[in-house]
Every structure is written in structure tokens, then in C-alpha cells.
Amino acid sequence: MMDKEKFVRIRIKSVYPDVATDFDLFVLIGGRHVLYLHSGDKLSLEKMSSLEAHQNAAFYIHEKDFKSFKKYVHREVSGDKLNNKQKALILKESSYALVEQLFENPDVNKALDESKEIIQSFVTFMEAVPEGMAHLISLSSHDFYTYNHSLDVGIYCLGLAKALSYNFRDLVEVGQGALFHDIGKRLVDVNIITKAGPLDESEWAQMSRHPQYGLKILNDHGGITDGIKAACFEHHENFLGTGYPQGLNGQDIHPFGRIVALADTYDALTTKRSYNNPMYPKDAVELMAHKICDRYDPEMLKAFTSILFNIEKKK
């Protein structure tokens, strides 16, 4: 009976040690979900460390407990038991599960509505904690997976937009656009998405159409802002006019497209993939600031590299 129930995978560090949960925790053993911790119990640091030692280890919760999980995260992040770095860790790690749920949702409007909750949590944390963005960026996974990449790009975009003095509403909108910037990859052959190596010419031709695919998906659903659409459709344009799909240049590119382009490039450079090694964050910033700087909005690039340089200095 248990294995017929629906479960949601959450990261180990979504649960903080010695803090009582509001939901049962399960682990996957031999294809079966086995109860590991009862609701109301606390996970010890020793048990958490032991679990983290196993590659790809994760917890699972009943789908019906997902709301309780979100309330648990909100309570811990807004409470005073944890320090700001611990709060950033729980907020970031728990959000991967939320983003995965969004990407699995065929109802794009519903997914966009639910994404507001995620982005608002990050914006609220950033505004309440001066060093909050630095904590969140320092926790970036640097490991390519669609959900990881989308969330990391979203956080970089929020940091940049905040530095550019965007208001709360615009921060949420650009954050949503960043989360969904690669939604067009839903229509790209999964074998291309998961290929362990460089793409050949025909595969690249299909992959490079994901901005058009994304715009089509968004246009098929009403009530989606032009900014969110631009983040999806224009994030591979560049200031030189040599990007795709439209070959736009300079100020013709929507501000959200320019912001996501910067964040997307930085995440791609610093992310480990099966066929290449990632750059160190400092080296990626140097490359963007000096060797490929003419591809980006100069004011946005200056703000973005300043954020990242300052974070590197504090490490």
C-alpha cells in the first residue's frame, strides 16, 4: 500500500538537525519508500551526516504533506532559532524540490502562480538579511541539472536586479522569468537534453530552438507578462547582435533578457557537466568582465561582476 502512494523527493539539507519536523520522512531502499523519521521527531546531526555520505541520497515525503513541508521551511526561515547562513541553506535546499514540482506541472499558469511563492521567499529573505544574497550565491550547486540550473540562475538574477534597485514587484517578475527561462526545453528531445557529450550539428539546431519553443508554451497560456516572455525568448541574445533567435542587439534586448543572459552565462561557465570541467567562479567573472564583456549590457555587467567579486573576497 505504501509504495502506491505518491511521494515527493526533497534534499537532505532541507531538514535541519535537531529541529522537529511536521511530516514523516522516508528513504528509498530497494525501490521501496521506508519510513525513516516520524513527524514530530528530530533528525540528529550524526544521522544526517551519515546519509549525506551516500551519493544521491535524498528524503521523500508524502505528496499530501508537501504543504506542511513548505510551512516548516517558512517557520524556520522566519524564526530566530537558526542563524542567517543556516536559514539560507534551508531556503535554498528546500526550493529545489519546489522547483522540481513546478517543472513537472503541465499547467504553466498554475506553475507560474506557485513560483511567486518561491521567489517572494527569496526576495523577503534578501530584504530582511543584508548578507542574504551573498549566502545564497555561495551555496550555488555548480552541478548541472535542469532544476538546479534554473534556481541558481534565478538567484543570480535576483541579486543583480536588487543591485539595479528593482522594486519588490519587479524582483518577483524577473525571478519568475529566470525560473522559466528554459521552459522551452520541455519540447526538446530528452536524449539531447541528457546527452553526455557535445551536441552534433542537428542536435544543436534543435536545442537552439528552445527560446522559440518556450515562447510558444508561454503564448499558449494567458496572463503571462511580456517581461517573463522576454526572459525566456531573449536570454540568448547579446549586445553585439550575434545571439539568437532574433539577432537583437543593445537596447533592443528587453532588460529581463539582458539580466538572464548574464546569469545564465555565469552559471554555465561554473557548472560541472559530463563533457567539460567548470571554471572557478573568480576565473568566470574575469572572463566575463574582460574577454567577452562586449556581449552584455555594460552597466548590468559592472553590477553583476561587482556582486560576485565582493562575495569572492569575503570567502
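C157 is a buried residue, with a relative accessible area of 0%; buried denotes under 20% relative accessible area, exposed over 50%, and partly exposed the range in between, for a 1.4 Å probe and protein chains only. The model is predicted, so local features require pLDDT of at least 70 and side-chain atom pairs pLDDT 80 or more, whereas totals for chains, interfaces and linings use all residues. Residues are numbered from 1 along each chain as its sequence is written, and side-chain values use heavy atoms, with hydrogens and water left out.

## Cysteines

A disulfide is a covalent bond between the sulfur atoms of two cysteines. Here the criterion is a pair of cysteine sulfur atoms within 2.5 Å, and a search of the whole structure finds zero disulfides. For C157, the closest cysteine sulfur belongs to C232 and is 13 Å away, which is too far for a bond. C232 is likewise in no disulfide, its nearest cysteine sulfur being that of C157. C232 counts as buried, at 1% relative accessibility.

C232 is one of the buried residues of helix 11, together with G227, I228, K229, A230, A231 and F233. Helices (H or I, at least four residues) and strands (E, at least two) are DSSP runs, numbered from the N terminus. Because seven of its eight residues are buried, helix 11 is largely enclosed by the rest of the structure. The cover over these buried residues includes helix 4 (108-128), helix 7, helix 10 (210-219) and helix 12 (255-269).

Two packed helices are described by the angle between their axes and the distance between the axes. For helix 7 (residues 168-179) and helix 11 (residues 226-233), the axes come within 8 Å and cross at roughly 35°. Such axes are lines fitted to C-alpha atoms, for helices over the stretch in contact, and the angles run from 0 to 180 degrees between N-to-C directions. The crossing of helix 7 past helix 11 is right-handed, a term for the near helix being turned clockwise from the far one by less than a right angle, with anticlockwise giving left-handed.

Contact means heavy atoms within 4.5 Å. On the helix 7 side it involves E173, Q176, G177 and A178, which meet G227, I228 and A231 of helix 11. These contact residues comprise three nonpolar, three polar and one charged. In this classification Ala, Val, Leu, Ile, Met, Phe, Trp, Tyr, Cys and Pro are nonpolar, Asp, Glu, Lys and Arg are charged, and the others, Gly among them, are polar.

N148 lies in helix 6 (residues 146-163) and counts as buried at 4% relative accessibility. The side chain of N148 makes a polar contact with the side chain of R11 at 3.1 Å. A polar contact is a pair of N or O atoms within 3.5 Å; within protein, one must be able to donate a hydrogen and the other to accept it, and residues adjacent in sequence count only if both atoms are side-chain atoms.

Y147 is also found in helix 6, and its relative accessibility of 9% makes it buried. Setting aside residues up to four places away in sequence, Y147 touches Y96, V99, E100, F103 and E104.

In helix 14 (residues 298-314) lies T305, which is buried, with a relative accessible area of 9%. A polar atom of the T305 side chain lies 3.2 Å from the backbone oxygen of K302. Beyond residues up to four places away in sequence, T305 touches V285 and A289.

Two pairs that are separated in sequence are listed with their C-alpha to C-alpha distances.

| Pair | Sequence separation | C-alpha to C-alpha distance |
|---|---|---|
| Y147 and E100 | 47 residues | 5.8 Å |
| D18 and K42 | 24 residues | 4.9 Å |

## Loops and backbone geometry

D18 is found in the loop between strand 1 (7-10) and strand 2 (25-29). The residue is exposed, with a relative accessible area of 52%. Apart from neighbours within four places in sequence, D18 is in contact with K42, L43 and S44. Its phi is near 65°, a positive value in a residue other than glycine.

S165, in the loop between helix 6 and helix 7, has a positive phi of about 70° although it is not a glycine. S165 is exposed, with a relative accessible area of 65%.

A cis peptide bond, with omega about 10°, joins Y244 and P245. P245 lies in the loop between helix 11 and helix 12.
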